[in-house]
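Biologist: I have a structure open and would like to learn how to read it. Could you walk me through it?

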Amino acid sequence: MTDTSFLLGLADAMVSASTVLVLAGLGELISERAGVLNLGVEGMILVGALSGVIATVVTGSYWIGFAVGSVCGLLMSAVHAFLCISLKADQAISGIMLTLLGTGITTYFGQQWASAQFAGFPDRTLPVIGGLLVEIPIVGPTVFEGPATDFVALGLVVVVWWLLTRTNLGLEIISVGEDPETADTMGIDVFKMRYLAVLIGGLLAGAAGAHLSLAFTGIWTNNIAAGQGWIAVALVIFARWRPGRLLVGAYLFGLFNSLRLRSQGLDLTLAPESPLAALLNPVVEFLLNPAIMSMYPYIVTLVVLVATVVWSRDDDSAQPAALVQAYSREAD
Amino acid sequence: MLVDIDVSAREETPSWVAYGTPLFAIAAALAVSVVALIAIDVNPVAAYVQMFVRPFGTVSTLSNVLVRATPLILVGLGVYLPMKAGLWNIGAEGQLLTGAIVGTWIAINVSLPQAVLIPVMLAGAAVAGGLWAFVPALLRAKWGISEIITTLLFTFIAADIQLYLVRGPMQGGSGGFPQTDLLPGVAEFPAIPGTRAHVGLLVALLFVALLYAVMRRTRFGFRVNFVGSNAEAAEQAGMSRYRVYLLTLVAGGALAGLAGISEIAGNQSRLHASFAPGYGYTAVPIALLGRNGVSRMLLAALFFALLFVGGNRVTVAMDVPAAIIDIVQALVILFLITAEFFQRYSLSVSVDRGDDGQTIQGTEVSADD
């Protein structure tokens, strides 16, 4: 394997691996912007991934699978919305338990689908302009060639940015996350806006799961999300609740994720005659051990999370002011 | 029109509602789980008899519940204590794993007489678990970084380290299985005569009593409760939130570490790749179900131990996937928080009271004490 093809493969895998985080992260971002923390993302990704596989196997269409996976994520988030918005339950408890429930349900029903064969999303060039852009070295084939869900995710980054900053609906969502009392007096339906944001979040988490099983791995395995839902929650903090920064963060984590998957083709050990070989080779081997490499994304998440929070400690303005606070109307 | 119920806060919760809520939550969870059992063509009545009645059949089956309960009580305390201070130790699983790793290493590599070795193993496991919780505790206390996310990330890292160790440096035996050597006989926790339960259970009950006393009788316990119910007010009263956060989460980690080594030395006899079936995650529902007192947490731990034993029985006897345990656990708590709404609010005609003091804050877990 030559170095350029390794880099190309790595960059390609990075974009594809980041799509899960982009989709789930955007959903979490919208939900949190409306003031509702959703810690059930991990569970929603799992449910989206399994239901997507089942629907694809049954109908033979990966697009139907993608739609069903997204809707199942939405249905789970409806439980979260009902508990947290209508019943004013603790958002952290509800979310954590939905993750536990999602893990349980998908492990329970997932066994028989673990060896299921299906045709997932094929790699293709972005329609219309893709044919031209794909000629750009490295960037072209990595960004403009891939499963359709990669393009959907990239498009959604722009859509969500536009929605939140350029539309009335977006401003209403943000207002119920910043100051629900004032929003209510302005005539905005706080409950409706929060429901809407949480449901969009669940839809995107389900879509992230469906992408994961239908386009990225091409197979269902137990606990396929492997903590990516939690990384998505951390990414939103890193992104300071902004879609553009979320994309950057997702690429960073996609890189570490794909590094692990592609590292088999990489040989970094020094030649035995090199004087440092005896000293460094065990270190390199340790660092390239698959079990050790699989913890890199978590370590990077920790480091980046801490760095973000410590550096922007004096600027609390990015976090929605009413995050995790239930809203009750004064008795009227 | 989306759901927008007109509700009013109860001035006080009737006692039958308060006591009935956990029981209702369990009953509702079991009722809904029937769907999952029917979906795989299992007779739910037969399954529930197998799960919840059969374990009471003989002393030996009953002692299985106590064996399961031992790590669950310890790790349950490990989530319960930080929860009292308003913190979520969602990553108790990771602290449990590090405790098991370090305790096992001591058991295999240090030769001491049994009366010394077992306390050293316990201490090593507690220190390891405490250290594993230390960084998340520091990050939370100093910069307010969510301990939910950090303890979980530390759990994922601990799980990878465990896999690396049992496949590499700590791998033992023959056949290349991902496991260590068997613990030497002196390192095994002695059984309580006549049962399969072991010394770990006594350690667990000791800590239940200790925590009960600390929370009720000491200044520290008072501070923890104060910070947990209103951190701002506690700060104004001159209490250090920083110290309470650090101490409770690190102590929680130590308790989880004890759970880890007690499961290895008391039950499994060796560290292997999948020795912990998510006890650390189950600890969260345990602490939530028993959030109103250490003794109720003990009952919750016994109930979930029964669920584990029963879950294993239906897995073996009726081919029900073991994940039924996770489904029931999650549903119990989801129904618990649903029911708590009716504890706090009454749905009758709303009364104009003009105050809104019952708004539930996100992390106030002990507000109803």
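**Helices, partners and confidence**

Modeller: Let's start with a crossing: α4(B) and α10(B) cross in a right-handed way, where right-handed means that the near helix is turned clockwise from the far one by less than a right angle, and left-handed that it is turned anticlockwise. Helices here are DSSP runs (H or I, at least four residues), strands are E runs of at least two, and both are numbered from the N terminus. This is a predicted model, in which local features need pLDDT of at least 70 and side-chain atom pairs count only at pLDDT 80 or more, while totals for chains, interfaces and linings use all residues. Residues are numbered from 1 along each chain as its sequence is written, and chains are lettered from A and ligands numbered from 1 in the order in which they are written.

Biologist: At what angle do α4 and α10 of chain B pack?

Modeller: Two packed helices are described by the angle between their axes and the distance between the axes. Here α4 (residues 92-109) and α10 (residues 241-268) of chain B pack at about 50 degrees, with axes 6 Å apart. That angle makes α4(B) oblique to α10(B). (Under 35 degrees is roughly parallel, over 145 roughly antiparallel, 65 to 115 roughly perpendicular, and the rest oblique. Axes are lines fitted to C-alpha atoms, for helices over the stretch in contact, with angles from 0 to 180 degrees between N-to-C directions.)

Biologist: Which residues meet there?

Modeller: Among them are B:G99 and B:G103 in α4(B), and B:G253 and B:G257 in α10(B). Contact means C-beta atoms, placed from the backbone, within 7 Å.

Biologist: How many residues of chain B are in contact with chain A?

Modeller: On chain B, 50 residues are in contact with 49 of chain A. The largest share of chain B's side, 12 residues, comes from α13(B). That side divides into 32 nonpolar, 10 polar and 8 charged residues. (Ala, Val, Leu, Ile, Met, Phe, Trp, Tyr, Cys and Pro count as nonpolar, Asp, Glu, Lys and Arg as charged, and the others, Gly among them, as polar.)

Biologist: Where is confidence lowest and highest among the elements of chain B?

Modeller: Where pLDDT is low, the predicted coordinates should not be read in detail. pLDDT is the predictor's confidence in each residue, from 0 to 100. In chain B, strand β1 (residues 8-9) has the lowest mean, 68, and α4(B) the highest, 96. Chain B averages 87, but pLDDT stays under 50 over its residues 349-369.

Note on methods. Two residues are in contact if their C-beta atoms, placed from the backbone, lie within 7 Å.
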